[in-house]
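Have the viewer open as you read.

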Amino acid sequence: MVDLRRAAAIVGVHEHITRYAPDKSEQQIQGESIIKALEDAGLEKKDVDGLFCASMSVRSSGLNLADYLNMYPKMVDNTTVGGGSFEFHLSHALNAIYAGRINCAVITYATQARSGGVSVGTGGISRQGHPRLDPSPDSFEELYGLTTVGLYAMIAQRHMHLYGTTSEQLAEIAVTMRRHASLNPEALFRDLITVDDVMRSPVVSTPLHRNDCCVITDGGGAVVVASPELARNCKQKPVWILGAGEAVAHQGAGKRDLMYIAAKQSHVPAFEMAGVTQKDIDMAMIYDSFTITVLETLEDLGFCEKGEGGQFVLNGRIGLGGELPINTDGGGLSSNHPGMRGLFLLLEATRQLRGQFEGTERQVPDCKIALCHGTGGALGSRHSGGTVILARD
Amino acid sequence: MTTWNKPLPTIIGETKTFWDMCRRGVLLIQKCDSCNEYQWYPRGICANCWSNDIKWVPSSGRGTVWTFTVTNQNRTQGFDTGPYVLALVELEEGVRMFTNIVECDPKDVSIGMAVEVTFQRATDQISVPFFKPVY
């Protein structure tokens with residue numbers, strides 16, 4: 001494979017801080033985010049020649065967004081593989097920029113999951129947007145009352161059965177994310193919680209409690225990705241892409257071991273390309289739709305052995321000040337989870353690598369290399385995993 | 001017979017044989033004549049070797065609970081009235097399928113529990129396979 005390290009950089013980011021935006025369209029939130037992210041980079045509309053996006057509600061999201069913003073990009077990619085779509089977009093933008101087909105891509109997302117009353121985790125088949133089941137696989141799956149939380153809960157249940165993982169260990173993840181959220185003025189929930197609080201919250205789907213589940217918010221954001229030539233002339237210091245890997249995992253015709261998730265495949269090319277190992281990662285943004293998502297992802301990314309995730313997350317290891325701080329914005333569990341959260345992983349990793357929180361408790365000291373892993377779909381069924389490794393100059 | 005208020009499968013040529021046999025109380029799975037692999041869910045191509053030598057074969061209808069969850073919250077009609085057990089059952093033939101564990105208290109379900117297929121009539125045309133404990 002050609003050496004893609006530092007072939008493209010994140011040069012601008014913007015998080016639309018709203019957590020509730022009933023009066024704005026998705027396209028408006030995306031447009032406002034793109035404008036701010038370009039301002040952050042010191043670039044303009046005319047510089048953008050690649051448009052990358054995904055949507056929960058718009059089928060041809062790239063086409064519709066180009067129309068709304070009156071853009072004529074050379075490349076449009078609305079790859080939609082669930083919440084981790086944006087790690088896939090970054091991976092694709094890297095290829096396109098290296099190949100010289102584009103110089104500057106924007107990756108964007110927005111939704112009104114909260115103001116629209118979308119039951120992302122517990123809506124059952126209504127999350128598919130239509131009452132009729134597809135002949136397959138829906139007619140062999142949704143028939144039985146699948147929910148997103150239920151699919152993750154089944155994985156948590158078996159993880160407990162095989163490895164002795166406990167609800168208290170999962171709760172520790174939620175508690176740590178809330179501690180990080182308390183440092184983020186934009187986070188939806190900022191009051192500290194305890195393991196007991198998590199254990200006492202209602203059981204949504206055994207063994208997962210409500211506080212094991214992410215919040216539901218509106219929101220959006222944008223990332224600007226540029227070629228090295230363009231990046232050197234931007235306002236902000238570039239955050240380089242060192243490596244990227246993509247994978248899907250699914251039932252495997254009824255025979256795949258569902259306890260291994262897509263991260264097990266996607267991290268391999270990402271680390272190989274980057275030429276770094278797990279020990280080199282200063283902080284990680286790990287998709288946290290549910291506490292079990294974090295635990296399984298840490299295992300399958302190789303930060304610990306399979307089955308040891310429950311021990312790994314204890315004693316402050318994944319908190320700020322710990323060995324591997326994760327989700328320093330408070331994560332999907334406490335800050336925001338607007339239906340798909342993958343974009344926000346890139347935003348916070350970039351802020352950390354820029355040293356944007358220098359002098360505050362939120363900053364990971366001397367943050368040089370960060371990893372983002374987005375998961376989309378459901379762990380107990382078909383899902384995607386996108387790993388990207390980012391580094392400061 | 002109570003009125004079926006849960007979702008119903010959509011049946012097309014690719015899956016009609018399966019649903020026809022459910023109505024007669026037989027759980028079919030598929031086996032490939034080229035590579036001898038079983039597969040679930042039913043499809044018109046072998047997921048292993050991509051041949052089209054797919055044959056319907058009856059499953060023993062027996063298996064074990066591979067994993068499960070007692071679901072307390074689902075907005076879908078038919079699943080919105082109280083806890084139900086969503087499970088993955090591993091059939092004796094080695095494939096795992098989504099199902100509900102029925103005819104028992106959700107609190108009694110555990111991983112590894114022996115179960116067997118049972119059919120519930122949804123409409124005159126459609127019976128849906130579920131699993132119940134083997135005592």
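Q: Which residues does A:Val223 touch, not counting residues up to four places away in sequence?
A: Touching here is a contact, with C-beta atoms, placed from the backbone, within 7 Å. On that count the partners of A:Val223 are A:Ile10, A:Val13, A:Ala37, A:Ile107, A:Leu343, A:Leu346 and A:Leu347.

Q: What kind of model is this, and how are the residues numbered?
A: This is a predicted model, where local features need pLDDT of at least 70 and side-chain atom pairs count only at pLDDT 80 or more, while totals for chains, interfaces and linings use all residues. Chains are lettered from A and ligands numbered from 1 in the order in which they are written, and residues are numbered from 1 along each chain as its sequence is written.

Q: Which helix gives the most to the side of domain 1 of chain A that touches domain 2 of chain A?
A: Domain bounds come from an automatic or database domain assignment, and the C-alpha centres of these two domains of chain A lie 23 Å apart. Across the boundary, 31 residues of domain 1 of chain A are in contact with 34 residues of domain 2 of chain A. Helices here are DSSP runs (H or I, at least four residues), as are strands (E, at least two), numbered from the N terminus. With 7 residues, the top contributor on the domain 1 side is helix 3 of chain A.

Q: At roughly what angle do the axes of helix 3 and helix 13 of chain A cross?
A: In this pair, A:Ser85, A:Phe86, A:Glu87 and A:Leu90 of helix 3 of chain A meet A:Gly342, A:Leu343 and A:Leu346 of helix 13 of chain A. Axes are lines fitted to C-alpha atoms over the stretch in contact, with angles from 0 to 180 degrees between N-to-C directions. The two axes come within 6 Å, and they cross at roughly 65°.

Q: Is A:Ala270 buried or exposed?
A: A:Ala270 sits in helix 9 (residues 263-274) of chain A. With 27 other C-beta atoms within 10 Å, A:Ala270 is buried.

Q: Why is helix 10 of chain A largely enclosed by the rest of the structure?
A: Helix 10 covers residues 291-300 of chain A, and A:Glu296, A:Glu299 and A:Asp300 are among its buried residues. It is largely enclosed because the buried count is 10 of the 10 residues.

Q: Which helix of chain A gives the most to the side that touches chain B?
A: At this interface, 34 residues of chain A are in contact with 37 residues of chain B. Helix 4 (138-141), helix 5 (148-163) and strand 5 (203-205) of chain A each supply at least two residues. The one giving the most, with 6 residues, is helix 5 of chain A.

Methods: Buried ≥ 20, exposed ≤ 12 C-beta atoms within 10 Å, placed from the backbone. Contact = placed C-beta atoms within 7 Å.
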